[in-house]
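Subject: Handing over the structure

Dear colleague,

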Amino acid sequence: MKKYVVIGDPIAHSMSPVMHNDLFQFYQIEAQYDLFHIKKGMLKEGLSQLKEMDVAGFNITVPHKSDIIPFLDELDPLSQAIGAVNTVVNENGKWVGYNTDGYGYVRGLLTILPALTDKKVMMIGAGGAARAIYFTLAYEKVHKIDIVNRTLEKAEDLKKACPYSVETDVLDLKSAKERCGEYDLIIQTTSIGMSPHTKEQPISLENLNSNSLVSDIIYNPLETKLLHEAKMKGAIVQNGLEMFVFQGALAFEKWTGIFPDTERMKRNVLKQLG
Ligand code: ATR
């Protein structure tokens, strides 16, 4: 029986075990996926336990996504550029790190958009999630991605750090509100609007163009205040469920060679969300 885990702190509410155990059963793979709590500051000790358990692979969530890097034997180029890893594969005793967050996001978007490269994108936020998405979109040759952030310096830092060619202007929250109608795709990457702060919204979309697509990486609630406003304006919207499911699907594929049924995964996560 192969062993897989997700590490993080806190970890009790992770939906990854239910999602992956259902897939192992469905594809008749002898494997078990569990929660593995590693407290902040205890990564080294926690990882040596995982080595002893000879895990076949694991996911990494907050707060260990960057701190794990020195403990890995190899890193794929995109996760190296992003500086964060959410998936590790044990390849004959070597731990190889990947980042499926950005790709998960892109794959989710491609379920409702035929192509991304020609789109003019506004991304709200400049934290860890924004970094994975921005670098992956740039790597995928999306040529215009403007970054909106409360702290402009952080957005400038993110722009400078990107190793892939992309055209980017940095906007403050006020100009983002005024200019949101100019964009084909608006991506919300901050935790603003996440349960229990469901009344908050990073910018108002009163100037939104109804041809735009608005995407929020939050999936709890399934409809943030931002997405609700976008829908009212006639825009197409996507919540964070796709990104969550596709990052998991890509991790599952790295471990087993099977790209799983994402509709099944989505139904399973929705059931857990209640
Ligand atoms: P994560 O790693 O989950 O993306 P993070 O690194 O803490 O989270 O980043 C949070 C993002 O949300 C940042 O872009 C942050 O803006 P600042 O760089 O100005 O801090 C943004 N953010 C969080 N709370 C906010 C708020 N109340 N108003 C505006 N922006 C906020």
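How much space lies in the largest pocket? The volume comes to about 1,400 Å³, a value that, like the others in this message, was computed from a predicted model. There are 41 residues lining this pocket, and those closest to its centre are Thr-61, Val-62, Lys-65, Met-194 and Tyr-219. Two or more lining residues come from each of strand 3 (57-60), helix 5, helix 9 and helix 10 (262-273), with helix 5 giving the most, namely four residues. If you sort the lining of the largest pocket by class, you will find 19 nonpolar, 19 polar and three charged residues. Domain 1 (2-99 + 242-273) and domain 2 (103-239) each contribute at least three residues to this lining.

The second largest pocket has a volume of about 340 Å³. Its lining is made of 18 residues, of which Gly-125, Asn-149, Arg-150, Thr-190 and Ile-192 are the closest to the centre. Here, too, helix 5 gives the most to the lining, this time with three residues, and the classes divide into eight nonpolar, eight polar and two charged residues.

Turning to the nonpolar cores, the largest has 30 residues, and the ones with the most contacts inside it are Leu-116, Met-123, Ile-133, Tyr-134, Leu-137, Leu-158 and Ile-187. At least two residues of this core come from each of several elements, including helix 3 (77-82), helix 4 (101-109), helix 5 (128-139) and helix 6 (152-161), as well as strand 7 (120-124), strand 8 (144-148) and strand 10 (185-188). The largest share, seven residues, is supplied by helix 5. Why can this core be said to lie between domain 1 and domain 2? It lies between them because domain 1 (2-99 + 242-273) and domain 2 (103-239) both give residues to it.

Another core, of 22 residues, lies apart from the largest one, and among its members are Tyr-4, Tyr-33, Ala-56 and Phe-252.

Finally, please look at helix 1 (residues 16-26), where the buried residues are Ser-16, Pro-17, Met-19, His-20, Asp-22, Leu-23 and Phe-24. These buried residues pack against strand 1 (2-8), strand 2 (31-37), strand 3, helix 9 and helix 10. Just after helix 1 comes Gln-28, which takes a positive phi of about 55°.

With best wishes

Technical notes: Residues are numbered from 1 along each chain as its sequence is written. This is a predicted model: local features need pLDDT of at least 70, side-chain atom pairs count only at pLDDT 80 or more; totals for chains, interfaces and linings use all residues. Side-chain values use heavy atoms; hydrogens and water are left out. A nonpolar core is a set of buried Ala, Val, Leu, Ile, Met, Phe, Trp, Tyr and Cys residues joined through side-chain atoms within 4.5 Å. Buried means under 20% relative accessible area, exposed over 50%, partly exposed in between (1.4 Å probe, protein chains only). Domain bounds come from an automatic or database domain assignment. On a 1 Å grid over the protein atoms alone, a cavity is a set of points where a 1.4 Å probe fits but cannot get out, and a pocket is an open set with protein on both sides within 12 Å along at least five of seven lines; lining residues have an atom within 4 Å of a point. Grid points are joined across faces, edges and corners, and a volume is the space filled by probe spheres set on the points. Ala, Val, Leu, Ile, Met, Phe, Trp, Tyr, Cys and Pro count as nonpolar, Asp, Glu, Lys and Arg as charged, and the others, Gly among them, as polar. Contact means heavy atoms within 4.5 Å.
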